Amino acid sequence: MDNGKRILTNADILELAVGVLDYEEENGMLHLYRCLREQIADYWKLSDNLGEWAGRTNGVRLDFVTDSSFFSFKVIVGKKYELFVNGVKEDHIELSSGDVFYKDLDASKGENRLTLIFPSHESGVITEVTLSKDAKARRYQHTFGKKIFFIGDSITQGWDTVSDSNSYAYQVSLRYDADTVIFGVGGAYFHESAVPSVDNYHPDIIISAFGANDFGRGEEALKKNMHAFLDKLVANYKNSKIIGLTPICGAGHKPSRSSFRLLIESIYDEYGIEYIDGAPLVSPDLENFADRYHPNDKGYCEMADNLIPLLNKIIGVNT
């Protein structure tokens, strides 16, 4: 407690964090990671770009219930944050290092749920997370009874979104109200480095969404890398429902049944993994895309709209 305020410790923050598989403390600062630090090191070995993007905080958020009359934090790294109050987005936060965000809360009726979404295209670090004196805070319990683990490339990362919460993976997370880890890495392809070995993390559903960056690597490389990836994924997560998601179709390209797509599907079939054809999920109209390959916010939301009913059929739920 300090001056009538409750400043959360790093241990408190970690307890309230969602989408986190690893962390470290450096000079008193808490760094939250959506993958293991050893995975980031492995990606650095593959390329500088992959190593850099693996360390981003895509999917990381604080999600908690509190009776505090206000909420504030100080930014150390990262500019773009989003705050949801009781499931409704209220603030798109653009801050510089050293800036403090402050939000009054209506605690007259009891508790509020706060969801602070960290940057998807940067490595967000905050400190001095502050609530009112004697305020209680507990990690939010998601209503969807299954944990979802997204593994993929820049599409899963939500590349080019204006609001990071509009990426398809975030939209699925929000609409299901699910506890999720979103490990999307720009430029990533099928590779065993994408699969964490986490003894205490047991997702019910894993969505594997690679393929777009494998096209240029050739069919032999795809076969080798996809088999190594799935061998490790299946071995590490024997009790998880694994769902494949093939690449979306780029801007201006009609969905097609290319030999490369058929090869990806055939390898999923080898492992008995159900998959969803990603090509029809986003209509290839230019208005849905930020560039030739990455949807804009509108396109990502359309992708989620079309994906969720297909996921419902596979996992046996009705949203």
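**Close-up views of a predicted model**

**View 1. Helix α5 is mostly covered in this predicted model.** Just after α5, D177 adopts a positive phi of about 55°.

**View 2. Five strands form an open parallel sheet.** Their order is β14-β13-β15-β16-β17. β14 (180-184) and β17 (274-276) are the edge strands; each has a single partner, so one side of each lacks a neighbour in the sheet. On average, neighbouring strands are turned by 20° against each other, direction ignored.

**View 3. Strands β15 and β16 pair in the parallel sense.** β15 covers residues 205-209 and β16 covers residues 241-245. The pairing runs over 4 bridges. I206 has I242 of β16 as its bridge partner. Helix α8 (residues 297-315) lies across β15, β16 and β17. The helix runs at about 145° to β16.

**View 4. The largest nonpolar core has 36 residues.** F149, I151, F229 and L233 have the most contacts inside this core. At least two core residues come from each of α2 (37-46), α3 (48-54), β13 (148-152), β14, α6 (219-236) and α7 (259-270).

**View 5. Surroundings of F149.** Leaving out residues up to four places away in sequence, F149 touches L21, V181, F183, P196, Y201, P203, I205, I206, I207 and Y237. One of these contacts, I206, is the bridge partner of I242 in β16.

Terms used. Residues numbered from 1 in each chain as written. Predicted model: local features only at pLDDT ≥ 70, side-chain atom pairs only at ≥ 80, totals over all residues. Heavy atoms only, no water. Buried < 20%, exposed > 50% of the residue type's maximum accessible area, 1.4 Å probe, protein only. Pairing = 2+ DSSP bridges. Axes fitted to C-alpha atoms, helices over the stretch in contact; angles between N-to-C directions. Contact = heavy atoms within 4.5 Å. Core = buried A, V, L, I, M, F, W, Y, C linked by side-chain atoms within 4.5 Å.
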